[in-house]
Structures are given as C-alpha cells and as structure tokens.
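Subject: Structure handover

Hello,

Please find the structure below. My notes on it follow.

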Amino acid sequence: MEKILIIGSDGQVGQALIKVAHNYGMPVSALNRNSLDITNPKEINEVFAKSNPSIVINAAAYTKVDQAETEKDLVYEINAFGSKNLALACEEFGAVLIHISTDYVFSGNKLTSYNENDIVDPTSIYGKSKLMGEEFVRSICIRHIILRTSWVFSHSRNNFVSTMLRLAKMHDEIKVVSDQIGSPTSANGISETIFKITKEILDDNYRFTSWGTYHYSGFPYVSWHQFALKIFESAKLNKTMIVHPIKSNQYSTNASRPLNSCLDCKLIKKTFKIEPDDWQKELLSITDNLEDFERT
C-alpha cells in the first residue's frame, strides 16, 4: 500500500485533503504543526524514516499576508526554508512532493491571465517567500508538482466567505475592493485536483513524467466586490446587504495585492483533463448549510 503524507492538516486545504482522500479510498497520514515542525530538518527526517512516504502533499504555509510584512523571518522560515527541508527529505527518501503555491508570486500588472511560463515578480513578503519555496522545490526534488492556486475558501472560519458572512451579521452596508480581479477557489476543488493527479501518478506506477508547475483555480474570474455580492446572494440573507465598491488605494493594508490574480488553467486541463474549479457551486455547498458552517 502506497503511503501518502499530508503536511499542514489543520489548514483549509489540509482539512479538505483528508476528507477527499477518504472519498478516494486512499489511506493517508496527516500531520499538523504540532506533530511536525517543517522548519526542523531533523524532525522531518525522523518522520520520513518512520513513515517512509511515497507521496508528500505540502499544504503547510504561513498565509497571513499583512502580518507577514512584520514577521519576515518567520514567513521565510516556513514558506521558503520549510519547503526546502521537505524537498530535501523527499529527494533523499525517494518520495514525490506535491507542493501548493499561490497567485501572489505574480505582480498582478499583466492585463490577461497568468500562465505557468509568465515572469514571476511578487510584491509582498508572503509572495516572495512562496516563490523562494517554489524555487527550492524545483531545484532539489526531481519528482514534484507545484500547484499554484488563489483566493482559497472553504467551510473553515478563516477566509473571505466567513468574513463576509460575519460582517453581514453586524452591518447592513460594507465596502469591498473592486479593482482586484482573480479566481475564488474552493479547498475541496484543490484537494480533488491533487488526488486526481496523485491517482494518475500511482496508476502509472511512477512512470509518470508530467512533473512541473500547474495553475488551478476557479472560474469565472471576479473582483472581490463581485465575490462578496455572490456570497450574499447565495446565503439568501433575510436582509439586503449594500456592498459599496472601492479602489485598492482606498483600503489600506500592510501588504500590496496583485490587481490581476487571474490564473490561466489551460495546461492542467490539457495534461490531466482537470477543469477549473466551479467555485459558485462550491460556494452554494457552504451557504446551503450555514448552520454546519457556523459550527466549524
């Protein structure tokens, strides 16, 4: 039996990966930050020596984009050097590494969607740390998949969907940025994609050769303002929420965000026949079960 190890099991994607693995009938071991510190190479080697994983899925990351600007050392320790440590261990123990990255590796200045070969130019500490993590993975671990995604949401309480629903309880009017365009992407969709690729790797009995970097995100592209409107529409609130569109320069943040976060997902469709995430359908799965959502 192949051994699949999920790193970062407490996060949005980590939690979804565990559920999807069960649906695929794939037994996994899942470790959170308390059971594995990816900034500690010795600890990683001990875990790998004990579990001898065939495939490692790295969903661990520092994702507090604004806070990252003032915690630079910690951000790089986790997102860059933690990824390096995992890549070194995967290469040493002969494991495949599936690594999750982000749209924030791009500047956001391109007028059309970003493909995998576009120039990377992150503007935030978070984006720079994730790019360095990608570079370590590419240079160290031959058998790797880097999956860039964006605007992740789930049943978790720590994402844009939960923030909007929380604000709707306290306010009748809010302001949301309208000049940043991108792709909402469900943690469930990301997890389904990862296990489709995992299954293909295993079915090919490791004769798989399509290693490299892929984009996976939702469609259609929207602004944060449009996403907020869709959340309130899907939630069928018993009141009308007024959502005022504002420009990025009217909403002060520590970290700059890409104005264009749209990811071109043609390569992953061509290679694996994986369609972009139907984020509106995934959003409905949350808003149709708001009682369950509020208990998470």
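Is Cys141 buried or exposed? Cys141 counts as buried, at 1% relative accessibility; buried here means under 20% relative accessible area, exposed over 50%, and partly exposed in between, with a 1.4 Å probe and protein chains only.

Before the rest, some notes on the source. This is a predicted model, in which local features need pLDDT of at least 70 and side-chain atom pairs count only at pLDDT 80 or more, while totals for chains, interfaces and linings use all residues. Residues are numbered from 1 along each chain as its sequence is written, and side-chain values use heavy atoms, with hydrogens and water left out.

Surroundings of Cys141

Cys141 sits in the loop between H4 and strand S5 (144–149). Helices (H or I, at least four residues) and strands (E, at least two) are DSSP runs, numbered from the N terminus. Apart from neighbours within four places in sequence, Cys141 is in contact with Ala87, Cys90, Glu91, Ala95, Leu97 and Phe136, contact meaning heavy atoms within 4.5 Å. Between the C-alpha atoms of Cys141 and Ala255 there are 30 Å, and the two residues are 114 residues apart along the chain.

Helix packing

Helix H3 (residues 72–93) packs against helix H4 (residues 125–140) at an angle of about 15°, and their axes are 8 Å apart. The axes are lines fitted to C-alpha atoms, for helices over the stretch in contact, and angles run from 0 to 180 degrees between N-to-C directions. H3 is therefore roughly parallel to H4, a term for angles under 35 degrees. The crossing of these two helices, H3 and H4, is right-handed, that is, the near helix is turned clockwise from the far one by less than a right angle. Among the residues that make the contact are Ala87 and Glu91 of H3 and Phe136 of H4. The contact of H3 with H4 comprises 12 nonpolar, four polar and five charged residues. For these classes, Ala, Val, Leu, Ile, Met, Phe, Trp, Tyr, Cys and Pro count as nonpolar, Asp, Glu, Lys and Arg as charged, and the others, Gly among them, as polar.

H5 and H7 also pack together, at an angle of about 65° and with axes 10 Å apart. Their crossing, H5 past H7, is right-handed. On the H5 side the contact is made by Phe160, Val161, Met164, Leu165 and Ala168, and on the H7 side by Trp224, Phe227, Ala228, Ile231, Phe232 and Ala235. By class, this contact of H5 with H7 has 11 nonpolar residues, no polar and no charged ones.

Salt bridges

How many salt bridges does the structure hold? There are 10 salt bridges, each a side-chain nitrogen of Lys or Arg within 4 Å of a carboxyl oxygen of Asp or Glu.

One of them joins Glu46 to Lys42, with the closest N and O atoms 2.8 Å apart. The two residues, Glu46 and Lys42, are four residues apart in helix H2 (residues 41–51), so about one helical turn separates them. Glu46 is partly exposed at 46%, and Lys42 is exposed at 57%.

Asp172 and Lys239 form another salt bridge (3.0 Å, N to O). Asp172 lies in the loop between helix H5 (160–170) and strand S7 (173–177), and Lys239 in the loop between helix H7 (224–235) and strand S12 (242–246), so the pair ties together parts that are 67 residues apart in sequence. Asp172 is partly exposed at 48%, as is Lys239 at 30%.

A network of salt bridges links Glu134, Arg138 and Arg148.

Regards

Note on methods: Angles under 35 degrees count as roughly parallel, over 145 as roughly antiparallel, 65 to 115 as roughly perpendicular and the rest as oblique.
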